[in-house]
Amino acid sequence: MLKVQSPTTTKTLISPGRLLLWVGVILMVGFCLAPVLWQLLTSFKTNAAISTIPTIYWPNWNQLTAAHYIGLGGEFLRYMGNSFFVSFISTCLCLVVGAPAAYSLARLKIPGENIILGLILIVSLFPYVLLFLGLLEIVKAVGIGNNYIALIVPYTAINLPLTILVLRSFFQQLPKDLEDSAKMDGYNTVAMLQHIVLPMTIPALVTTGILTFIFAWNEFIFALTFITRPEMETIPVAVAKIGGASVFEIPYGPIAAATVLGTIPLVILVLLFQRRIVQGITAGAVKG
Amino acid sequence: MTQDTLRQRDQRTGWFLVIPALLILLLVFAYPILRAFWLSLFTQNLGTQLQAEFTGLTNYGRLVGDSRFWQSLGNTTIFTVLSIIVELVIGLAFALILNQTFRGRGLVRTITLIPWALPTAVMGLAWAWIFNDQFGVVNDLLLRLGILETGITWLGEPTRAMFALIFADVWKTTPFIAILLLAGLQSIPKDLYEAHAIDGASPVQSFWQITLPLIAPQILIALLFRFAQSFGIFDLVQVMTGGGPAGATETVSIYIYAMVRRYLDFGYGAALVVVTFLILVVAIALTAFLLARARINVSGER
Amino acid sequence: MPLLTLENLRKQFAPDVIPVKDISLTVADGEFLTLLGPSGCGKSTLLRLIAGLDQPTQGQVKVGETDLTTTPPGDRNMAMVFQSYALYPHMTVAENISAALKIRKIPSMEIRQRIGEVADKLGLTHLLDRKPGKLSGGQRQRVALARALVRNPDVFLLDEPLSNLDALLREQVREELKHIFNAQKKPVVYVTHDQTEAMTLSSKVAVLLDGRIQQLDPPSRIYTHPANRFVAGFVGSPQMNFLALQSQGGVGTLGTLKLPLPNGLGDRPTVDLGVRPEDIYLTPTGEEPTLKGKVTLVENFGREQLVTVQFGEGSSKIRAVIPPEQEWSGDHVGLSLKAAKMHWFDSKTGDRLSPT
Ligand SMILES: Nc1ncnc2c1ncn2[C@@H]1O[C@H](COP(=O)(O)OP(=O)(O)OP(=O)(O)O)[C@@H](O)[C@H]1O
Ligand SMILES: [Mg+2]
């Protein structure tokens, strides 16, 4: 294990506990970042550099290129746009439908409240693979294959449990006097929700919105099943298809570039909203 | 009764506000499951020209003798159990680290969130590249460290393919567990440790006697969520191994998906859905039961 | 003309949680009723029943002849000031004040004019564009008040509106409240557990305990003629002294203390005597003291001193307020009680007994 410093110098040297902590921190950061960084590096290496053995960790200028990104072309921007559209709309829908439900479950004491909450909790545990068969039938019956409604509605649904649980716990923390005051002022419940409660819970809405957006962006199985027109694909499916596209030689460079591009929006979200994401995850899981 | 009209009005509004959400949930969650129960009683595949023919429990009979199903169930179980155990251990370590105060903790916490946020399907490709036979960085590192003499096949060999899957899954979901456990750690009052230290307990003893019992609820919640997700794992496997080699990493969901999409056997696919659903429900009920017990224990101790 | 009427109000939250049991009262135009009582006695609950924020289990709330019991709070034309002020944090002061008017579709010209008037009256004019988060406690309190006043409601309801202010400000605002509501000529129901507020502001005080009105009277009468031991003990500071006397042949005894009992107390073995500390004085030389005892504690408040005296064989104690400059020698003193200021209570029920 680690060597303990002699007592005379402990003031300037780090204590063994701290040293252990820092080793842990470095390992942790390395573990989390390594695959991403590796992908980033690969995406900028020339094909020759990628297939050089032993592996090149510090490429020189000749071994670097932006060609993989350029090769992805405008098509890829389109996938990003698709993903953004579907995720954004389903996030909005989820908040519009989920916030009133959460408020109702937090405050209005409807009979069967606990049963509804229990069901919502259970439903959030269902793997999507159990759902796609039934949904596929509906999609076919209604004729909305290759229509983003076929993604937006399921995405809204799979995010509703989390949205409702998180928002409910936020609503419960609001001081009740404010709502009473609004009632005295003459707001009815819906107007109160719209003009008083929701404006005060914007931080919570942002929190849940971010989580919803991430889940929708990342969803794979529905996107794979219900959307078959290539130009309508979302990022996860489009990237996965690049991986399985060519039979003879797997295009590692373009895959890496696609991975990087497809994950950049999420990395940005995490960087900007780290605190809120943590808050949302814990509120959703622990308070429920 | 007129006395009650105000409350009734509130309740009516309450229902009005939940109903849209309930309808969407019912449509997307309840209908497909119920539908699967119904459909599983029919044979509907290429053999019947995709027409549904009522055949009772035939599909279930076929399922009992379907060794591919049992293998996929076994694979799923191995995957779930191993990945969850490793994730819990590493996640706890992460949480303990993040619970310390050190410079740059905010940044470190942000970094640990990244794996959780990235699309599994996309990162699955990254992992496939990392575990690549020829140019994979794993082989290269092991060679450089002298652990291997020549590069080995990872995704083409049953055990190692499973290992790679578990490794990738651990990477992806440990942050989630770490965050949940961190919330648990942060809710433990500091003076508990101080009192324990004054009693002469070492930090290791404190960990076993205070930390673990007090975050037991969070551990169980994490377990519950992760169990359900892990049991239904689809995208990672689909992208990394596709269930191969030779079905060695085929999970239940991959099998169900193939049954429906590739073999177009809807009736049997529905039966698979039903059985998987029931297994899950039983397992979740068991965990939830333990969770309720643990909560009582913890509050009883205080 | 009585405007606000409560008839047999009762609120039951759970089988054993009944904060309001049976309350009937009326508050006329221009009357200022204070609900006074210890914490948890059901004051806020009663106010919320009046407002319609909670539904009574039984009974009715009327304004004039209209039964409002099932009318939603927004349609009752009552305004309420909350202890926490409950200002909408995302709206400016002006928006806060005008919210209720906008909902009632009052023309914006008139709204602006009414905001201007209240803001002027309460000195809020320069704060109208601020958000509540940027106001001091006193300013927030004023905004809450303005929000109620601007509506020109039929009834004003205030739930401990001063309890979040510091002592100095509280006194000042109390003064202002008095002026404002004197001018309003509307029924006011005011909840507090602070008896100074109750005494100075109200035209009527309802002392509550256990969900029932113990006494409903003008403040002075509550002080001079408390209806029972609870009211006597709750109103007045320092608290009234209570002595449990054995009564025999028209004489009450407690240890060495002997008092002739007034007529009309009835034939009873024991009786409780209540006497306020300010109605006890040091016996001047030449008079026979009512009781003699040992001074165990002297608390000097500057304008008076509160002396605790132990007497009798047991540990009977009595407290007296005496002028700050007055002195005595040794630690034993003689005390006299003002006969006219004695209160008598039934020792079992605690009800006031009126001597003839
Ligand atoms: N919604 C409710 N459900 C159950 N019990 C309640 C509810 N509201 C109040 N109570 C109970 O009713 C009793 C009276 O409460 P209330 O708020 O009226 O007291 P209060 O006189 O206003 O006290 P304070 O001076 O502390 O404000 C309390 O015991 C309280 O616990
Ligand atoms: Mg109160």
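A: The account below treats the volume, the lining and the residue classes of that pocket.

This is a predicted model, in which local features need pLDDT of at least 70 and side-chain atom pairs count only at pLDDT 80 or more, whereas totals for chains, interfaces and linings use all residues. Residues are numbered from 1 along each chain as its sequence is written, chains are lettered from A in the order in which they are written, and side-chain values use heavy atoms, with hydrogens and water left out.

A pocket is, on a 1 Å grid over the protein atoms alone, an open set of points where a 1.4 Å probe fits, with protein on both sides within 12 Å along at least five of seven lines. The largest pocket has a volume of about 900 Å³, the volume being the space filled by probe spheres set on the points, which are joined across faces, edges and corners.

Its lining comprises 34 residues, each with an atom within 4 Å of a point. Nearest the centre lie Lys183(A), Leu6(B), Arg7(B), Asp10(B) and Leu53(C). Two or more lining residues come from each of helix H3 (67-107), helix H7 (176-185) and helix H8 (189-200) of chain A, and from helix H1 (5-39) of chain B; helices here are DSSP runs (H or I, at least four residues), numbered from the N terminus. H1(B) gives the most, with five residues.

By class, the lining holds 11 nonpolar, 10 polar and 13 charged residues. Asp, Glu, Lys and Arg count as charged, Ala, Val, Leu, Ile, Met, Phe, Trp, Tyr, Cys and Pro as nonpolar, and the others, Gly among them, as polar.

For reference, the second largest pocket has a volume of about 680 Å³ and is lined by 18 residues.
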